[in-house]
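Please read the following note beside the sequence and the structure.

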Amino acid sequence: MSGARTLQVLLALGGMIAWAVQFTIIYGVTSTLCGRGWADATIFGIGIVPLTILTTTLATLSAAAILLAVSLREDRRLRIRPASATDSFLSHAGVLINGFSLVAILWNGVPAFILPACA
Amino acid sequence: MNAPELPKSFERRETEFPNPLPRPEGELDALKKAWKAPKGLSFITAVNNTYVGLWYVGTAFLFFILAGILSLIMRVQLAVPENDLVSHNLYNQLFTMHGTVMMFLFAVPAVEAASVYLLPNMQAARDLPFPRLSAYAFWAYFVGGLVFFGTIFFGMSPDGGWFMYPPLTSTKYSPAENADWWLLGIGFIEISAIAGAIEIIVGVMKTRAVGMSLDKLPVYSWAMLVFAVMIVIGFPAIILGTLLLEMERAFDWPFFIAERGGDPLLWQHLFWFFGHPEVYIIFLPATGMVSMIVPAMAQTPLVGYRLVVLALIATGFLSFGLWVHHMFATGLPKMSLSFFSAASTAVAVPSGIQVFAWIATIASGRMKLTTPSLFVIGFLFIFTLGGLTGVMVAMAPFDWQAHDSYFVVAHLHYVLIGGMVFPLFAAIYYWVPVASKRALSERLGRWVFGLMFLGVNVTFLPMHITGLIGMPRRVYTYPVGMGWDALNLVSTIGAFMIAAGVALFLVDIARNFRFAGEDNAGNVWNASTLEWLPNGNYATRSIPSVVSRDPLWDQPNLSKDVEDGRYYLPGTATGGREALVTSPFDARPQYILQVPGPGWQPVLAAVFTAAFFLLLTVKFVFTAVICGILALGCVIWWLWETDPGPVRPPADIGGGIVVPVYVTGPMNHSWWAMIVLMVVSGMVFTCLIFSYLFLWLVNPGAWPPQDIRIPDWIWPAVSAFLYCGSAILIAVASRQLRGEDRRKPRPVPILIGVALLLVGGASAVDLWAQWQTDLSPSAHAYGAAVYAITSLQIFFVLTTLVMGIYTIARWLAGKLDTVRRTTFDNTMLFWYYTAGQGLVGLLVVHGFPRLTGGV
């Protein structure tokens, strides 16, 4: 598998990988902080659990948004220039997957605004 | 040796064919001879996917019937209140075996089995890349599965439920060997599933029709690719879980015993990290089948191909964020539950995309109401109902009400029967004409569908109400006057309707299924994909070049041209079995893979492997060890015949394309398999590290316990130095194995030998360092976790030792040199992995307690 192809695959799957990273961090951090009784700590007056969820969500959301933008640009570029069917397919898949990932990441972050950290 | 640069314009118009006619005399006979299956008793040594695939499907269906019979006994027991047909003890075994056999011995093997048969045909490959591995996986499953099922006749079956929660299944509450049968029997069958998954990943990525680039890959292949990746990621968790629970039961290492720092919830995490993806592992192949059947029945291409592929991939990811929704009632923080609740609702989106794609396809064509169509419609109806109750139980507050009640039983049966059994029946009715001289009966098929569809709804729809009015699952009887009597009786009647449908299906099979070598029933549905090309034991006569996702519709003479031998590789270049390996993205020809033929090795290896695990269950340790050694011997015997090297110069496969008959490095199929195996190993190790951290989390102030000292830092440093040294020596050996002169003397065996001493020494030093601190694996979960990491590493080091000695032996036998070095490459990859895992293990075991300071 060439380097260019590896990049294409990473670009296409990047959004879902960002979702997986967000999920792992927010669940892992919440469980650890609540399990150890460290969740009462605050930074700038914000609880450490919601702050972690918020920052992780924003970071992964940004990553997915950038990947979506790159996928869209690549998709437009390939529509203008002649490209192999595989390239077109991968860039289009990237648009769809990264777009869906944005929603999934946002959806996962919503509980931070609604629920108490460790109840 | 690397493949030469190939012309990029290998895709041809229909009128230009890679190979001219007439084909040379004897070409087809040579092909037939190479792929001929053995006869007589040796028939069981056949490895052709067409035979192994059918045996596999048949065995999976046998387990479906056996598990179904168990469910009928349960339904008779529950038909009336206070029934005494079976005792509570037997009932516990019945529901445990029903769930276990349906999930582990029917559902996963059935979809894997179908793919062993279908994938090569659908991708116009001559066979899967590792046919002996498929045969090994099948025989291990066949022998192990039958012995496991046989325990029900001796009262020895597991009885702790199909998810085997400790502490119920711990030695204290389940001292007999029933639980061990589950842990060792099922754990071992999971290894067989992983072997199949490796085969599928490499098969989908590397053995396709020429020009079948990713955008033209059949949806079924996409589904099986995602399925196999999910197995690779998900199954290691249950393998590790069973290993830990068995170690607890056998050696008293308290991973799940709360009094000594363990936690039963750890089991639930490990089980459901596998268990929930398992639902999609079963469901995705079924959707892949439906995505093939619907276009054929509607006679129009699938609507939204790219969206369906997106849905498959998204489901694969999201399904790993759902596992805690099986643990909503365990007292975890609501915030944590909400993440899983969110993912559980989000996963409905990709499932919905697929459902709408099928409906749109049906709407855009003219759907023929055949038996496969009926089963697809039944699937849509039943699965959608199951999906809706799934969204209900994804809401934690509702789940707390419905938890452990018959509502959940109804939900999971709607999902699994709707999502897997109905598509499988659709697939059998649809694809039987590929494997049989006759199609199945449409008339009988409609009766089968009608009985099963009504039966499923009559059985399980009332269970929603039974559950909501309070009937818990897994009770062997109930008193009069609870309001459950009539509902249970209706459910029992429904169960027998399903059984009648399945019995009628067996009649249909007996009447109409006749195995076809080369004279199958043909393309009776006017379907568009390559499995409907004329084929024999060697699959298609020549390997076609495809230009679309529906080649049989878009290339009308394809069948005849392929059969005439006009396309690629119409004969055998090496005189033996071959497959054409293509590039993973664009499906350009890369090289000819010399495929191994029939042999006793995989059969015997599977039998002895099964014997090893099953004899351990009944504590026949000495005999088990003998069988383990014999299994290893058979595997080495099997491998000794592989890695044949370049037996001839590069061959012309047609169209001016000349490809080598042997390559090494990242292009090689076994390189890919080793990478997948390393991912599996990495997942087992990751789950173990997760377990270590989880146990730390539940043991504040006791990690390590106060009376335990951590080994001095010098010992892990020495161990790390030795791991690095061994890996460097292997890298040097790899460099030595380069160059054109094959006869030049090189110190390769010496380098491997020294590296063996170093890697063995690294592991021994770490074990000794722990041992001399008097750390006991039984006293506390800390010791158990440390020794679990050390033990896993020792297992990998021992495997590396065997591989290293084997590699040296091949060198000494003249079967390894600068060109013929695939064996070395495989050993090298595994070696690097083992060294890397060892270093991470040292970091965790010695670094983490120092980092946290025992907090």
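1. In this predicted model, the hairpin of β3(B) and β4(B) has 2 residues between its strands, and B:G655 takes a positive phi near 65 degrees there. Strand β3 covers residues 651-654 of chain B and strand β4 covers residues 657-659 of chain B; they pair in the antiparallel sense over 3 bridges. Two strands are said to pair if DSSP finds at least two bridges between them. One bridge joins B:D652 to its partner B:V658 in β4(B). Helices (H or I, at least four residues) and strands (E, at least two) are DSSP runs, numbered from the N terminus.

2. Some conventions should be kept in mind. Residues are numbered from 1 along each chain as its sequence is written, and chains are lettered from A and ligands numbered from 1 in the order in which they are written. The model is predicted, with local features needing pLDDT of at least 70, side-chain atom pairs counting only at pLDDT 80 or more, and totals for chains, interfaces and linings using all residues, while side-chain values use heavy atoms, with hydrogens and water left out.

3. B:M164 is placed in the loop between α4 (131-150) and α5 (178-206) of chain B. As background, most residues other than glycine have a negative phi, and most peptide bonds are trans.

4. B:P704 belongs to the loop between α20 (669-697) and α21 (714-736) of chain B.

5. Chain B contains 24 helices and 4 strands. Its radius of gyration, taken over C-alpha atoms, is compared here with a globule rule of 2.2 Å times the number of residues to the power 0.38. For 855 residues a compact globule would have a value near 29 Å, and the 28 Å of chain B agrees with this. The C-alpha atoms of chain B fill a box of roughly 80 × 70 × 50 Å along the principal axes.

6. Chain A has 3 helices and 2 strands, in the order α-β-β-α-α along the sequence. The radius of gyration of chain A is 18 Å, well over the 14 Å that the rule gives for 119 residues, so chain A is more spread out than a compact globule. Its C-alpha trace spans about 60 × 25 × 20 Å along the principal axes.

7. How many residues of each chain take part in the contact between chain A and chain B? There are 38 from chain A and 39 from chain B, where contact means heavy atoms within 4.5 Å. About 3,400 Å² is buried between the two chains, and carbon and sulfur atoms give 78% of this. Buried area is the accessible area (1.4 Å probe) that two parts lose on being put together, summed over both. A:Y27, A:R36 and A:F89 supply 23% of the area that chain A buries against chain B, more than any other three residues.

8. The count between the chains is 1 salt bridge, a term for a side-chain nitrogen of Lys or Arg within 4 Å of a carboxyl oxygen of Asp or Glu. The side chains of A:R5 and B:D586 meet in a salt bridge at 2.6 Å, N to O. Helix α1(A) gives the most to the side of chain A that touches chain B, with 15 residues.
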